Amino acid sequence: MTRSPQRSWHAVTLLILLASLPALAQSKLEDRRNWVGKSTAVSDDPRRVPVAPGPRGPEGSIVLRGGRVFDGTGSAAKLATVVIERNRIVALLPPEATQWPANARVIDVAGKTVMPGLIDLHTHLTYTEPNTPEEQAEEGESATLRGAERLRVYAQSGITSVRDVASEGTAPFRLKQWVAENRLPGPRVFAAGQLITGTGGHGAEGMWRKSSHDQPVAAVREASGPDDWREAVREQFKRGADLIKLASHYSRAEVAAAVDEAHTLGLKVTVDAETFYIQWAVEAGADTIEHPLPRSDETIRLMARNGTASVPTLVPYIYIFDLAGGYFGSTSRRFDFSKEANMEMLRKLKRAGIKLGVGTDLVTDWFRYLPNAYITELKQFVAAGFTTEQALVAATRTSAEILGMDDKLGTLAVGKLADVIVVDGQPDRNLDDLSRVSLVVRDGHVILENGRVVIAPHVPVPEPDPRKTVPGKEW
Ligand SMILES: [Zn+2]
């Protein structure tokens with residue numbers, strides 16, 4: 001990993017510390033998140049920005065009484081009652097217990113399965129559909145509206161967190177903010193902002209593809225040279241990025257500079273790449289590799305050794321092969337691959353012990369295939385050797401780990417954020433039951449009930465009181 005000279009000021013301190021610490025300690029100390037202690041309240045995202053202390057989430061308690069609780073750790077489902085206060089899980093009680101606040105809202109979920117909300121690590125909330133008029137394709141306003149619609153569909157599918165790995169302009173950050181304020185029904189949004197790629201790289205192929213060179217709200221930021229890759233990372237950080245998304249092509253020096261800059265800012269890096277570009281990204285210290293694209297056995301071994309995770313996203317390629325018979329005209333997809341080769345890659349990654357998370361990469365109008373698209377992705381995990389329960393752990397706990405949010409999300413445990421779903425069935429035994437999500441709680445807010453999305457009701461604010469008129473107030 002390259003080191004920039006401007007950080008040499010604390011080199012002496014570091015050297016002293018490093019003498020007694022394991023090899024990874026240096027990168028840990030240079031990760032800004034690790035300088036925020038447990039005593040400081042921070043934002044509920046990977047940025048870990050200090051925030052004012054105090055209660056968060058809606059007032060009151062919700063009790064999910066007597067369901068089969070699959071807690072996301074991999075242990076078998078067992079009967080229990082989940083108590084939520086504001087936006088946190090405060091108790092997991094034996095099914096016969098009734099110790100909850102007197103004014104709690106009690107929902108009987110007997111016979112149903114209560115589990116952590118699902119996580120989708122690979123979304124593009126704002127990408128165009130085939131019927132999107134050209135003048136709206138990369139317009140921020142239209143992109144935001146497309147995202148708002150999709151958030152609702154993800155919520156209805158039991159997905160309570162999405163990692164958006166490229167969207168137009170500031171749209172994903174506005175969507176994140178409006179969901180966090182419960183002004184839009186949907187999953188939490190963890191956004192990368194723009195995808196960063198080399199000139200003419202993936203996402204910016206051909207003259208017709210817009211990038212930030214010719215359209216500031218484009219979803220792609222072309223960058224050239226290590227300094228510009230660093231600058232592109234900082235631009236996403238400035239917008240509010242929760243992670244950084246890179247795509248091939250790049251030079252070794254470019255990907256190393258971008259990963260170093262992101263890590264120093266406290267952001268994880270995920271990379272959409274193939275062949276030797278994956279090797280270079282893993283050598284640079286990338287946290288995650290997206291997609292099942294070809295790479296050498298040596299690269300897989302290096303991923304295992306470095307703890308590089310993978311989000312295999314088999315389902316979009318299944319759709320590409322089923323709809324069009326292959327991947328044509330793409331200059332960034334110049335290699336042999338097939339549905340079978342993708343599945344074989346997933347098996348190899350699993351055998352190598354690589355951490356695998358769940359992402360669907362539903363571009364164009366494929367979000368309309370939800371919830372089945374998500375279920376199909378989980379079925380690929382089962383086909384690759386996961387048990388049904390292990391596939392659900394990948395969708396919850398492991399995906400929260402890949403997000404860097406496993407201290408707050410991914411399992412049902414006291415103290416975790418209240419992202420909880422109720423499924424009318426036993427998805428830990430039959431994945432198809434995930435098509436029957438009946439209740440979704442995100443951050444303590446009920447956003448889906450009886451299968452229908454709940455929009456927070458308008459609470460009227462009192463009209464102005466003429467006795468409190470302030471003369472001369474300007475508008
Ligand atoms: Zn994608």
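## The second largest cavity

The second largest cavity has a volume of about 60 Å³. A cavity is a set of points on a 1 Å grid over the protein atoms alone where a 1.4 Å probe fits but cannot get out, and its lining residues have an atom within 4 Å of a point. Grid points are joined across faces, edges and corners, and the volume is the space filled by probe spheres set on the points.

Pro46, Arg163, Asp242, Leu243, Lys268, Val269, Thr270, Thr288, Ile402 and Leu403 form the lining of this second largest cavity. Helices (H or I, at least four residues) and strands (E, at least two) are DSSP runs, numbered from the N terminus. By type, the lining divides into five nonpolar, two polar and three charged residues. Here Ala, Val, Leu, Ile, Met, Phe, Trp, Tyr, Cys and Pro count as nonpolar, Asp, Glu, Lys and Arg as charged, and the others, Gly among them, as polar.

## How to read the model

This is a predicted model, in which local features need pLDDT of at least 70 and side-chain atom pairs count only at pLDDT 80 or more, while totals for chains, interfaces and linings use all residues. Residues are numbered from 1 along each chain as its sequence is written, and side-chain values use heavy atoms, with hydrogens and water left out.

## The largest cavity

The count comes to three cavities of 30 Å³ or more. About 70 Å³ of space lies in the largest cavity. It is lined by 14 residues, and those closest to its centre are Pro116, Gly117, Leu409, Gly410 and Asp419. This lining divides into six nonpolar, five polar and three charged residues.

Which domains contribute to the lining of the largest cavity? At least three residues come from each of domain 1 (61–116 + 419–453) and domain 2 (118–403). The domain bounds come from an automatic or database domain assignment.

## The nonpolar cores

The largest nonpolar core has 87 residues, of which Ile244, Leu246, Tyr250, Val271, Leu378 and Leu434 touch the most other members. Helix H8 (residues 275–284) provides the largest share of this core, six residues. Domain 1 and domain 2 both give residues to this core, so it lies between them. A nonpolar core is a set of buried Ala, Val, Leu, Ile, Met, Phe, Trp, Tyr and Cys residues joined through side-chain atoms within 4.5 Å. Buried means under 20% relative accessible area, exposed over 50%, and partly exposed in between (1.4 Å probe, protein chains only).

Apart from this core lies another, of 17 residues, among them Leu64, Val69, Ile107 and Leu412.

Most residues other than glycine have a negative phi, and most peptide bonds are trans. The peptide bond from Ser248 to His249 is cis, with omega near 10°, and His249 sits in the loop between strand S11 (243–247) and helix H7 (252–264). The bond from Leu370 to Pro371 is also cis, with omega near 0°.

Asn182 has a positive phi, near 55°, and belongs to the loop between helix H5 (171–180) and strand S8 (188–191). Is Asn182 buried or exposed? Asn182 is buried, with a relative accessible area of 18%. Thr364 has a positive phi of about 45°, and Thr364 is partly exposed, with a relative accessible area of 26%.

How values were computed: 1 Å grid on protein atoms, 1.4 Å probe; cavity = no way out; pocket = protein on both sides within 12 Å on 5 of 7 lines; lining within 4 Å.
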